[in-house]
Amino acid sequence: MTHQMSNFGPPTGPPPGAPQDPARGPGEQPQAPPWAQQSYVPTGPPLATWSRRAGGALIDAALLLPFYLVAGVGGGLAQESGFFVTAFGLLVTLAGWVGGLAFAVWNHVLKQGRSGYTIGKGVVGIKLVRRDSEATTGVPVALVRQLLHVLDAFCMIGYLWPLWDDKRQTFADKIVGTLVLVEPRS
């Protein structure tokens with residue numbers, strides 16, 4: 001067998017004088033071991049970039065600001081003298097925190113679990129899906145993913161992990177088996 005040099009990569013076949021594997025025919029290339037396989041290549045929509053994910057998260061965080069504002073005003077009222085003003089301030093503070101929590105659960109767990117989109121993800125055109133089927137995650141997986149974001153928040157390394165991960169996943173995504181894809185709302 002003669003080997004010709006090419007401008008388009010290394011010559012095909014084994015190098016001259018290399019031992020032949022009797023299990024393979026003369027023209028077959030050896031298979032790469034599993035650990036040397038090519039990295040993940042998605043077949044459907046492209047994976048969301050870190051900047052898109054961060055943009056969606058910032059929009060979702062901004063939507064919570066009115067609730068924090070209400071809680072802050074209530075906290076200020078609670079510092080005033082007088083029983084009724086203090087009691088009213090505490091109630092306003094409680095309403096702000098409970099409302100913010102309820103909105104966050106609705107947006108990040110219920111809405112995202114059923115549709116794959118939070119409000120922020122919908123605006124930037126990204127969607128949360130199961131890694132194996134690209135279907136929506138469902139409410140239980142979305143809830144566990146949100147709780148596991150505590151791991152991502154540890155030194156912020158988990159939130160930065162998608163910058164160099166081949167599947168662009170946070171730690172929470174890896175644990176629950178989810179991906180974030182570029183898929184604008186229709």
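Predicted model: local features only at pLDDT ≥ 70, side-chain atom pairs only at ≥ 80, totals over all residues.
Residues are numbered from 1 along each chain as its sequence is written, and side-chain values use heavy atoms, with hydrogens and water left out.

I begin with the overall architecture. The chain has seven helices and two strands; helices (H or I, at least four residues) and strands (E, at least two) are DSSP runs, numbered from the N terminus. In order from the N terminus, the elements read α-α-α-α-β-α-α-α-β. Of the 186 residues, 30% count as buried, that is, under 20% relative accessible area, where over 50% is exposed and anything in between is partly exposed (1.4 Å probe, protein chains only).

The largest nonpolar core consists of six residues, namely Ala48, Val124, Ile126, Leu128, Val180 and Val182. Such a core is a set of buried Ala, Val, Leu, Ile, Met, Phe, Trp, Tyr and Cys residues joined through side-chain atoms within 4.5 Å. Strand 1 (126-130) and strand 2 (178-182) each contribute at least two residues to this core. With neighbours within four places in sequence set aside, the contacts of Ile126 (heavy atoms within 4.5 Å) include Ala48, Tyr117, Val180 and Val182.

Next comes the largest pocket, which holds about 750 Å³ of space. A pocket here is an open set of points on a 1 Å grid over the protein atoms alone, where a 1.4 Å probe fits, with protein on both sides within 12 Å along at least five of seven lines; lining residues have an atom within 4 Å of a point. The volume is the space filled by probe spheres set on the points, which are joined across faces, edges and corners. Among the 28 lining residues, Ala57, His108, Gln146, His149 and Tyr159 are the closest to the centre of the pocket. Which element gives the largest share of the lining? Helix 1 does, with eight residues.

Finally, I draw attention to the backbone. Most residues other than glycine have a negative phi. Glu134, however, has a positive phi near 60° and sits in the loop between strand 1 and helix 5. Its relative accessible area is 31%, so Glu134 is partly exposed. Arg168 likewise has a positive phi, of about 55°, and lies in the loop between helix 6 and helix 7 (171-176). Arg168 is also partly exposed, at 30% relative accessibility.
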